[in-house]
Amino acid sequence: MKSTKIILFVLYFIVTQSYIHAQNAVVKTANKKQMLQEWMLQSSTQVTDSDSMVSTSDFNSEKWVKAQVPTTVLRALVKAGIYPDPHFDLNDLKIPDASDDLSKRLDLNKYSHLKGVPNPFKDPYWFRTTFRIPKEEKGKQVWLNFDGINYRADVWLNGKQIAGAQEMAGMFQRFKYNITEYVNQEGENILAVKIHQVDHVGTPNPGFQFKPFGHHRGSSEDIWKDVTLKLMGGWDCAPVVRDRNTGLYQDVYLTYSNNVVIVDPYIVTDLPLPDTTRANITVSTELKNVGKSSVKGVLKGTIDLIKDVDFYTYKKEMPGHFETVAFEKEVDIPAGQTITVSFSPEEFSQLTIKNPYLWWPNGYGKQYLHNLNLSFEIDGAVSDIRNTTFGIREITNTFKEIDGEFGRIFWVNGERIFCRGGFLQPDMMLDMNEKRIYDETRFLAEANINMIANEDMPSPPDHIMDIYDKYGMLNWEVFYQCWTSYPGTKSMAYPLDTKLSLKNDYDIIKRYRNHPGLVMWVGQIETMFREELYVPLRQYIKELDPTRPFLPTSSCGWDVDKLTPYIKPDLPLGMTDEGAPDYTWYPHPYYYKKVLEVKQQMFRNELGVPAISTLSSMKKYIFDLGQGKKDSIYPLDKKWAYHDAWDGNGYAYGAYDRAIREEYGQPSTVEEYVRHAQYVNAGSYRAMFEAANHRMWDITSGVMLWKLNATWPQVLWQIYDWFLNPNAAYFYTKKALEQVHIQLNENDFTVSVINTNHQAHQNMTANVRVLNSDMKVKWEKEIKFDMEEDRYKELFKLPTLKGLTPVYFVKLILKDVKGNIVSDNFYWFSSAKNQIDLSEIARMPKVKLKISHNFSWKGDEGVMEVKVKNTSNKLAFFNRLMITKGEKGDEVLPTFWSDNYFSLLPGEEKVITAHFYRPDLDGKEPVLVIDKDI
């Protein structure tokens, strides 16, 4: 009996602890959510009782698998140790696939954890949990909320069905049910959710890739028929996800109200540009009366500045003072009806804000956020409260035309924004926990990125959009994923269920429209969907949020007049990813030449280069790294191929691999290959961004990469890997995207300064040196100049020099009027005329650096300031610092370095800072080390 009491106490403690308040600066009015996180999980093939019985106390689920929601089925089974983690090595080939055909071809059914059930992911899964109504909420309306499921669900509570799989379907919409009449106000409630697989799991074709430089794994076209993620059926940069991410992949929780509930508030901020000294705010919301009689009450609102912003591992206090803005209106709501109530500046003068604190994109100003608190009161009693975070800002766009080509220019608060960034992908098993997203977005912000797109998750958890807002990310909201439909093909019928697809679209708009960082609505990436989806979607946007630009597609590669004339009113696009550069390695001058061609370059929204991880990361996901046959493609093998070392017909990895071998020499060890790959990563990513920089506004208005992160451990298209470990591409991207930046045109050797600031800089100094490999200066020039705001300036060209060593170097330094270094850059070149031979770099001896550091804690964030100096007479090339968990421990990931993979000339010194989170040390002391593998 004693053990039973302990178990009951633990369950009660979990439930009460899960009754949380959503983060908000205005604590007294915080939204209340009773999170339902602790569940039990089981395949429906193992349940013989009726569906209604599963949600009763007579049913025993003690032997089921523990699952913490949000989760997918496979993620829960991996966490429970039932299947190996598919992220690593070839573990993916030890898990059955939802496709019988693929499992048969790969002989995967033998790994099924269900006896007598060869395909464990074909049938539905049950999720089961219990909860109690907190004392202070008893007697209120009880609402059951699902922020995201995949793909269909039957919901049962205390033996009664709440929802069925026919109506509760689609991956990209929220569901909310009034369960008041079904709950037990005094005792335990049992909730059971039967999650169904997607309607079309499809047959991935072929669904794998085992040959380096071979064709990619293909996709499962059938899955495009559903309102779900295409990525789960496999793609050229993502593995086939065995369970197709079936599950409760976003939060499930309870909320409470009285008879009137506040639904989907909407805030519009308007600046009378070019004047930004005042802002007009319009607030509206739906009020839903679920009672049986009409209600008269008061809708009250307040707006406050959020002063303390929580970034999970650290906090930031925003400067400024803002007087609370309050407003209210008396309304009548008929029984069972929903009405819309609005507050305008014309009616409420206090909604015209003087000298507003504005939200700006990353690098252009501070990210001020405000909280709208709405409460509905009946006779002084609060029926419902809703908090919504928003930013005061205005987004517009214009177009620049050059000979029939168009470049889209984004403006925020009347200032034009040079947009630089790329695409992101979610984790393959949809692990989108807050800590991870904060860390990823911090990487992006510190790399000076200001625009991101996420086509592979049309309905991200709310915290993702909140985090993007905090860090100033302009982000695209994309409704339809690339290539799931294409004009003139049978796929234009996809997704099959028009009504369901439009319901998902509608909810996406209402869910995210208040986020200041959401820069535009995007119909689809690269391709286009059918008219019966397009026309209603455009109407939804006009009705629900006409404040942002709309982009029908990111590029057009088909005959619009013939196949999709309905999109013509929304043209021109002003951006594209048609043509080249595309997704493989090119010599650096190529990017500059392409920009000067203008065509398809004014706002290029996809290009990329493969980029392998650090050696320490690769050892984590290729267990026998470098132990294969030493042939002409060593160290590449089947496992490298499986983790995306594919090429097809010159599309991805082949040219990158050749650059590593031909420029730096055939590697004899895997350490050499990875080290040389980092050299290629660094130069390639810098060149892509600097080429766009060099004709900023004259030709280019933006550039975006495919892609910035990784859905799983892979060797393609990333500046930091799945382990949140940046490779060299990250730091050279960060360098190229400096707000005030000095760079060298690698095509014609012109020195330029790029100033994306809306602020001029007087009396700057640029110093440029050309050095041979023996560190003797072959040429040097220094000039002083003024730098105008928001433009580039070409300073001079390097002369043609004789007597250069096979590898030579160029060092650029930019200083401000006080002599402080604002930007520096370091390039390495081959003097060979008909080839790029940088093999001398591979033979350079390592130089021992003089290193000292100071360390302190700021709350739970560790800050290490490192001073490094090259006291030798040789070049200290490409050094990487690390923080480890104790002596000889693993690297602390993530660590946020101000710089890394840096080179120091003789006598040169640099101060570099590192930030890391105390819990990521796993209780060990931080130790500073030099990476010996670089």
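Which strands and helices do the buried residues of helix 6 pack against? They pack against strand 21 (308-310), helix 5, strand 32 (451-453), strand 33 (474-480), helix 7 and strand 34 (518-524). This is a predicted model, in which local features need pLDDT of at least 70 and side-chain atom pairs count only at pLDDT 80 or more, while totals for chains, interfaces and linings use all residues. Residues are numbered from 1 along each chain as its sequence is written, and side-chain values use heavy atoms, with hydrogens and water left out. Helices (H or I, at least four residues) and strands (E, at least two) are DSSP runs, numbered from the N terminus.

- Helix 6 (residues 462-471) is largely enclosed by the rest of the structure, because eight of its ten residues are buried. Buried here means under 20% relative accessible area, exposed means over 50%, and partly exposed lies in between (1.4 Å probe, protein chains only).
- The buried residues of helix 6 are H463, I464, M465, I467, Y468, D469, K470 and Y471.
- Just after helix 6 comes G472, with a positive phi of about 75 degrees.
- Helix 15 (residues 728-736) is mostly covered, with nine of its nine residues buried. Among them are Y730, F731 and Y732, as well as K734 and K735.
- At the start of helix 15, N727 brings a side-chain oxygen to within 2.7 Å of the backbone nitrogen of A729.

- K510 belongs to helix 7 (residues 498-512). With a relative accessibility of 9%, K510 counts as buried.
- The side chains of K510 and E286 are joined by a polar contact of 2.6 Å. A polar contact is a pair of N or O atoms within 3.5 Å; within protein, one must be able to donate a hydrogen and the other to accept it, and residues adjacent in sequence count only if both atoms are side-chain atoms.
- Setting aside neighbours within four places in sequence, K510 is in contact (heavy atoms within 4.5 Å) with R174, D264, E286 and L544.
- I333 sits in strand 23 (residues 325-333), and at 0% relative accessibility I333 counts as buried.
- Leaving out neighbours within four places in sequence, I333 is in contact with V260, L287, N289, S294, V295, I339 and F376.
- The C-alpha atoms of I333 and K296 are 6.4 Å apart, although these residues are separated by 37 residues along the chain.

**Aromatic rings and charges**

- The structure holds 64 aromatic pairs. Rings of Phe, Tyr and Trp (its six-membered ring) pair if their centres lie within 6.5 Å; planes under 30 degrees apart count as stacked, over 60 as edge-to-face and the rest as tilted.
- One of these pairs is F443 with F896, which is tilted because the ring centres are 4.6 Å apart and the planes meet at 45 degrees.
- This pair ties together parts that are 453 residues apart in sequence, because F443 lies in helix 5 (residues 434-446) and F896 in strand 49 (residues 896-897). Both F443 and F896 are buried.
- R442 has its charged end over the ring of F896, 4.3 Å from the centre. A charge sits over a ring if NZ of Lys or CZ of Arg is within 6 Å of the ring centre and within 35 degrees of the ring normal.
- K638 lies over the face of F210, 4.6 Å from the ring centre.

- Three strands form an open sheet in the order 28-29-30, with antiparallel pairing. Two strands pair if DSSP finds at least two bridges between them.
- Strand 28 (395-402) and strand 30 (415-417) are the edge strands, each pairing on one side only.
- Strand 29 (residues 405-412) and strand 30 run antiparallel and are joined by three bridges, and W411 stands opposite R416 in strand 30.

**Backbone features in loops**

- D403 is exposed, with a relative accessible area of 79%.
- Y312 is another residue other than glycine with a positive phi, near 75 degrees. Y312 lies in the loop between strand 21 and strand 22 (315-317) and is partly exposed, at 39% relative accessible area.
- The peptide bond from A580 to P581 is cis, with omega near 0 degrees; P581 is in the loop between helix 9 (560-563) and helix 10 (588-597).
- From Y634 to P635 the peptide bond is also cis, with omega near 5 degrees, and P635 is in the loop between helix 11 (615-621) and helix 12 (638-642).
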